[in-house]
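Okay, hi everyone, can you all see the screen? Let me put the model up, and then I'll talk you through it.

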Amino acid sequence: MQAGSFIVGYEWDFSVVFRDFDLLLLGLVNTLKVTGLALLFGIPLGLLLALLRLYGNAVLRIPASFLIEFLRTTPPIAQLFWFFFAMPILLGVEIDPFEASVLTFSLQSSAFFAEVFRGGILSIDNGQWEAAKAIGMNRNDTLRRVILPQAVKRMIPAFLERAIELMKTTTLVSTISYADLLYQANTIAQSTYRSLEVFTVAAAMYFVVIFICSLAVQRLEHHLGRTGELTKG
Amino acid sequence: MEHVWDFSAVFSNWYLLLIGLKNTIVLAVVCLVLGLFFGLFVGAARYSGNRLFNWPATAFVEIFRNTPVLVQIMWFFFAFPIISPFDINAFTAAALGLTLNTVAFSSEIYRAGIQSIHKGQWEAAKALGMNYSQQMGRIILPQAVRRMIPAFMNRAVELVKMTSLASVIAYGELMHQAKTISTIEFNPIEMYTSVALIFFILIFPFTLLVQRFEIRSKAKG
Amino acid sequence: MTEVLKIENLHKSFGDLNVLNGIDLSVAKGDTIVILGASGSGKSTLLRCVNFMEIPSSGRIVLQGKPVGTEKADGINYPEKELTGLRARVGMVFQHFNLFPHMNVKQNVMEGPRTVLKCNQAECARRAEEYLDKVGLGWKAEAFPSQLSGGQQQRVAIARALAMEPEIMLFDEATSALDPELVGEVLETMKELADEGMTMLIVTHELGFAYTVADRVLFLADGKILEQGDPEKVLIHPQQEGTKNFLRGHGSFRLPEPVLD
């Protein structure tokens, strides 16, 4: 890595990147796989944690709150290393990078989703609870039939933003050798000595995917805002 | 199998952890200060009607907001040195990535904060005969900054968490020190549990503070 | 009578929407002019063109005999600096008060003299005191806007505008956002100003106030002055169908009690 080559001029060569482009695409698929699975487990778990934190008795509420806060305030990489390096020894189980990644990011995202759910539920006007109570609905029915359907609509943009954050965070799986996009890029860069081109292309691929998702979220927010289903609280 | 917890190797390496903690804080503070400072200019450029400022600023913000921060750090460490006019070590690469990331996010906070101020405030200031910089400096910014504080604090929390990514390029912050110690002492359980707790203790009081602040500023309206 | 403000053939459009279609108006010193009209008739826009919160599409505004802006081949050019100076001479009171929430009442009133007129501390304080007393809120000087009722906030906003010692005051639906029981105190303050000879342009829906306080009433429809004259003529004996319909829609209006004697 000699300094000063900027002045001399650097000859870009993207051919190596495109020769191994299928490896990068495979990496992208793996990135999406981890993200998708983490969402699949993280959202229901988040709802559960939110309900425990909101309506659980002290025995349930306090551990749920602590888990949420702990997962939200520790760096994801520390969590990933704990689940990959520490937990298997502790429990005497074997875990591969893929499983550790899905486990970590399901839990990690569930904490954030729990807060989204909680915020959404709390944002519903108290009058809705009272109206449901007045026609004789119990708490579970009210939550399921009246509150959540309204809350979920408001939460959609926050969910999607969180999903995008999650996709960005999954780059960490490369540090435990799971073959996501970043890991593939790193491998190709090392074998071809073309780090500049490889990392730039990988960054561009992330950008394209994430930017499209962000645009979609913005459009949806705009749409929901216009139809009045999203009231900023 | 039953694991016997043994934290002695964690404590005997307290000095290495302390160095890591110091490096974590140095990296976070440097990136936060530079990020907030330059973020104001990028935010102003994005707010400006002039395309010469607006477009490059928007492109910059979108690129840094829509790529993973780890990719940014890796890019600055492995790719950027090839074309860089100056030497890049782990600290500069991490600081570059995290600072520019903070610039991008904080510029949006500035922008959103200014936009959140009701149009009537601009009008009242204008009706008194204030020029643009007086309207901005005396009326809009003082109100907007108060609203931005919780968002900036949240950003600071995120930033401290993100500094742990510098371990990937072997900058000796807390996470990297933990990784090193756990390899030498064969105590990943105790070491990674401890480092998670250290981060929690470091950050959690701050998040409580943010929450309090948010509640207070909401009550104020 | 010296003419404070003259408006000549004023047009204003937003995109395809023509809001003002040729307004002519002459305002003498001490005049109190009330502008009526249905929503969308352009009355607020007219007011906002006077202090250039909106830039007129065409036509001319003449303040104290001096036309605003510089005539160019393709219309009038309005340098921002000139407009800033003009706004300092024209007071405006808004529907939603727009007090500065991060400043207390006194600071709100001092802000204009201090930042725009560059008055010294003593002069700023004197003005704040004088005009807060005038609107009856000297005792609230240290309070913050959020601690005041709507009526009090609006009176502070009036004091804030007065502290600039303006040549003319504009009131843009100053009582429309207030609870009914708070409207009286603000109208009372406005009436006192009118009695003291302040030149005022008032957009309002308070017909009783218009009847007792206005020297002249304008009725606007579709961006034009449909009818104008003294209150008796426009409010009691309107000639135009549009004015009659508008007044019918507002039912019979009551005169404020204290004004009768």
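Predicted model: local features only at pLDDT ≥ 70, side-chain atom pairs only at ≥ 80, totals over all residues.

Residues are numbered from 1 along each chain as its sequence is written, and chains are lettered from A and ligands numbered from 1 in the order in which they are written.

So, which chains share the most contacts? When I say contact, I mean that the C-beta atoms of two residues, placed from the backbone, lie within 7 Å. Two pairs of chains touch, and chains A and B share the most contacts. Chain B puts 38 residues in contact with 39 residues of chain A. On chain B's side, helix 9 (188-220) gives the most, with 11 residues. Helices here are DSSP runs of H or I with at least four residues, strands are E runs of at least two, and both are numbered from the N terminus. That side of chain B divides into 27 nonpolar, eight polar and three charged residues. Nonpolar covers Ala, Val, Leu, Ile, Met, Phe, Trp, Tyr, Cys and Pro; charged is Asp, Glu, Lys and Arg; the others, Gly among them, are polar.

Next pair: 19 residues of chain C are in contact with 16 residues of chain B. Helix 2 (80-89) and helix 3 (105-116) of chain C each give two or more residues to that side, which has eight nonpolar, nine polar and two charged residues. Chains A and C have no contact, and their closest C-alpha atoms lie 20 Å apart.

Now chain A by itself. Its secondary structure is 10 helices and zero strands. Its radius of gyration is 22 Å, well over the 17 Å the globule rule gives for 233 residues, so chain A is more spread out than a compact globule. That radius is taken over C-alpha atoms, and the rule is 2.2 Å times the number of residues to the power 0.38. Along its principal axes, the C-alpha trace of chain A spans about 75 × 50 × 30 Å.

Last stop, chain C. Four of its strands form an open antiparallel sheet, in the order 2-1-4-5. Two strands pair if DSSP finds at least two bridges between them. At the edges sit strand 2 (17-28) and strand 5 (66-67), each pairing on one side only. Strand 4 (residues 58-63) pairs with strand 5 over two bridges, and C:Leu63 stands opposite C:Lys66.
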